[in-house]
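This report goes through one structure piece by piece. It starts at a single side chain, then turns to a sheet and to a pair of chains.

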Protein chains: 4
Amino acid sequence: MEIHEELKDFIEESSEQEKEALKLFLNSLKTKREKSNLTHIASLLQFETNQIDDRTLEITMPNSLILDNSIGIVHGGLTATLLDTALGTLASRVPGNKKGAVTVELKVDFLSPGVGEKFICHAQVVHNGRQLVRMEGKVRNEKGALIASATGTFFKLPDEK
Amino acid sequence: MEIHEELKDFIEESSEQEKEALKLFLNSLKTKREKSNLTHIASLLQFETNQIDDRTLEITMPNSLILDNSIGIVHGGLTATLLDTALGTLASRVPGNKKGAVTVELKVDFLSPGVGEKFICHAQVVHNGRQLVRMEGKVRNEKGALIASATGTFFKLPDEK
Amino acid sequence: MEIHEELKDFIEESSEQEKEALKLFLNSLKTKREKSNLTHIASLLQFETNQIDDRTLEITMPNSLILDNSIGIVHGGLTATLLDTALGTLASRVPGNKKGAVTVELKVDFLSPGVGEKFICHAQVVHNGRQLVRMEGKVRNEKGALIASATGTFFKLPDEK
Amino acid sequence: MEIHEELKDFIEESSEQEKEALKLFLNSLKTKREKSNLTHIASLLQFETNQIDDRTLEITMPNSLILDNSIGIVHGGLTATLLDTALGTLASRVPGNKKGAVTVELKVDFLSPGVGEKFICHAQVVHNGRQLVRMEGKVRNEKGALIASATGTFFKLPDEK
């Protein structure tokens with residue numbers, strides 16, 4: 001069966017929540033079509049990135065039904081995804097780093113339940129070493145409540161000779 | 001515009017990769033329709049859970065285009081989502097725990113690039129305390145290569161009186 | 001053989017560095033005699049504690065021969081001891097906490113070599129929850145160089161009924 | 001005043017516990033006199049190292065009055081010192097590593113109160129990468145009770161050309 005037929009059948013029996021999810025999935029594909037270097041997960045989670053200066057970057061993630069864990073708050077793994085993306089993106093852009101950076105380790109502290117309309121991750125460079133970049137980040141909701149805090153170590157990919 | 005019309009228009013211009021993504025999204029909604037307590041993200045990442053005994057649980061995540069980070073390997077945040085889910089699910093099920101458990105902190109070590117056909121997360125209880133459950137987990141691919149390792153602390157939700 | 005005879009014999013053959021170590025050990029015992037609730041290790045490491053406000057505390061540790069690791073910089077374990085003490089002392093003193101607090105987990109990032117005349121650990125409360133206190137701390141030398149950074153989780157000891 | 005006179009005066013007024021501490025300090029200096037590459041802290045904590053194979057090493061630390069924290073159990077910082085030493089020593093000795101290794105980060109989970117006659121730290125290599133060595137360790141007492149668990153990342157010092 002073709003994908004559009006299968007979708008048509010599914011939509012006919014779909015609940016409001018399923019329609020909302022489909023809409024979200026479709027929008028994420030449209031966004032990714034425009035910004036081809038975006039990852040699927042960044043598009044799905046509707047990340048908006050804002051580099052503030054050389055040592056500071058923010059990513060905003062609006063709440064959506066895809067974020068829910070089994071008890072109706074943001075899934076810790078997706079908070080970790082927001083943090084890993086923000087810290088990693090900034091680590092890849094530190095001055096002198098040409099080839100990007102990969103995550104060595106990430107430690108996330110979950111401080112209060114992930115509730116709110118949107119979640120803003122504020123990432124900062126703690127130490128820009130020769131091969132390692134040490135980062136920290138905080139996630140707050142739109143009211144400023146501190147939801148999670150993280151530290152991460154990133155390895156600079158070597159410059160090819 | 002109705003969702004099915006919008007989807008029809010999108011599909012007409014879609015690439016093979018976009019069709020694959022749509023198929024994946026649709027399947028995740030179908031799976032979730034059958035298992036209503038599944039989260040959207042667990043359904044999207046196609047988690048399959050297998051509790052081995054009281055202190056051991058495995059979740060398998062097949063590779064898919066949704067897992068890719070910007071350099072073609074599994075996004076660290078999704079490896080963290082797999083780990084948080086496996087460790088948290090097992091922590092919620094330790095003997096004597098009636099109300100579930102929430103993540104206090106999660107520390108993920110990324111050991112080698114996340115490549116492979118599927119990723120198996122093996123979670124274990126390290127210490128089942130009165131209020132805290134301490135966990136550890138390893139993620140391997142189908143060939144046994146060790147991709148990530150994690151420790152986590154979970155707080156048992158108090159039993160209502 | 002009596003301890004004073006044994007010490008006398010040892011001193012007769014002792015190097016300058018050994019005399020310096022003995023002097024340091026003796027001074028730590030004298031300090032502890034005056035402040036009986038001080039631990040041996042806090043006395044040996046010559047900790048000086050300064051509570052700044054409800055959410056901030058500093059401990060200063062002067063450099064000494066006892067701090068050296070095998071490559072002539074401060075032993076990471078002693079930097080961790082400084083951090084654990086500062087974070088734990090402050091966690092024990094958060095408003096409403098009557099019985100003290102124990103360390104659940106401590107994560108230390110070593111950022112630059114531990115060199116300098118003294119090391120100042122600045123501890124802060126990140127989140128004062130009902131049962132857990134979440135802390136962070138930074139260690140700098142007297143010139144302000146950032147040597148280590150840490151986060152820690154502490155469990156409030158329950159109030160006896 | 002000369003160090004031996006000062007010590008004599010101190011001993012005359014000393015309690016049994018102070019004599020025990022002095023004896024411990026003196027013994028640590030004697031041990032260090034014999035093994036000059038030992039650090040002061042390793043000598044004070046009476047570390048005994050036993051390499052089991054290329055990927056496994058144990059350090060035993062007997063209990064002593066110097067280990068006590070303010071509530072009569074082993075100070076978390078000294079458990080961290082034991083772990084950092086064991087993990088770091090083994091990381092320095094992995095095959096192909098010629099120049100030693102420094103601690104990048106150490107995460108310690110405190111699982112149960114540090115009580116017992118001695119504490120055995122069992123360290124293992126998790127992943128021996130090109131520049132980073134990833135380690136884990138467990139601390140148990142002589143009865144096998146699990147007291148602490150840790151993971152650590154170490155950076156191999158570059159070979160001079």
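## Surroundings of one lysine

The side chains of Lys156(A) and Asn128(A) are joined by a polar contact of 2.7 Å. The model is a predicted one. Lys156(A) belongs to strand E6 of chain A, which covers residues 146-156. Its relative accessible area is 14%; Lys156(A) therefore counts as buried, since the cut-off is under 20%. Apart from its neighbours within four places in sequence, Lys156(A) is in contact with Val94(A), Asn97(A), Gly100(A), Ala101(A), Asn128(A), Gly129(A), Arg130(A), Gln131(A) and Val133(A).

## The sheet of chains C and D

In chains C and D, twelve strands form an open sheet with antiparallel pairing. The order is E1(C)-E2(C)-E4(C)-E5(C)-E6(C)-E3(C)-E3(D)-E6(D)-E5(D)-E4(D)-E2(D)-E1(D). At the edges are strand E1 (48-53) of chain C and strand E1 (48-53) of chain D, each of which pairs on one side only. On average, neighbouring strands of this sheet are turned by 20° against each other, direction ignored.

One pairing can be followed down to its residues. Strand E4 (residues 118-128) of chain C and strand E5 (residues 132-141) of chain C run antiparallel and are joined by nine bridges. Within this pairing, Gln124(C) stands opposite Glu136(C) of E5(C).

| Helix | Residues | Strands it lies across | Angle |
|---|---|---|---|
| H4 of chain C | 76-92 | E1, E2, E3, E4, E5 and E6 of chain C | about 135° to E5(C) |
| H4 of chain D | 76-92 | E1, E2, E3, E4, E5 and E6 of chain D | about 135° to E5(D) |

## Where chain B meets chain A

How many residues of chain B are in contact with chain A? There are 48 residues of chain B, and they touch 49 residues of chain A. About 4400 Å² is buried between the two chains, with carbon and sulfur atoms giving 68% of this area.

Ten salt bridges are counted between chain B and chain A. One of them links Lys107(A) to Glu105(B), with the closest N and O atoms 3.5 Å apart. The count of residue pairs in polar contact between chain B and chain A is 21, both residues being at pLDDT 80 or more. On the side of chain B that touches chain A, the elements giving two or more residues are helix H1 (3-12), helix H2 (16-34), helix H3 (40-44), helix H4 (76-92) and strand E3 (101-110). H2(B) gives the most to that side, with 13 residues.

Methods: Residues numbered from 1 in each chain as written. Chains lettered and ligands numbered in written order. Predicted model: local features only at pLDDT ≥ 70, side-chain atom pairs only at ≥ 80, totals over all residues. Heavy atoms only, no water. Pairing = 2+ DSSP bridges. Helix = DSSP H or I, 4+ residues; strand = E, 2+ residues; numbered from the N terminus. Axes fitted to C-alpha atoms, helices over the stretch in contact; angles between N-to-C directions. Contact = heavy atoms within 4.5 Å. Buried < 20%, exposed > 50% of the residue type's maximum accessible area, 1.4 Å probe, protein only. Polar contact = N/O pair within 3.5 Å; in protein donor to acceptor, adjacent residues only side chain to side chain. Buried area = accessible area lost by both parts, 1.4 Å probe. Salt bridge = Lys/Arg side-chain N within 4 Å of Asp/Glu carboxyl O.
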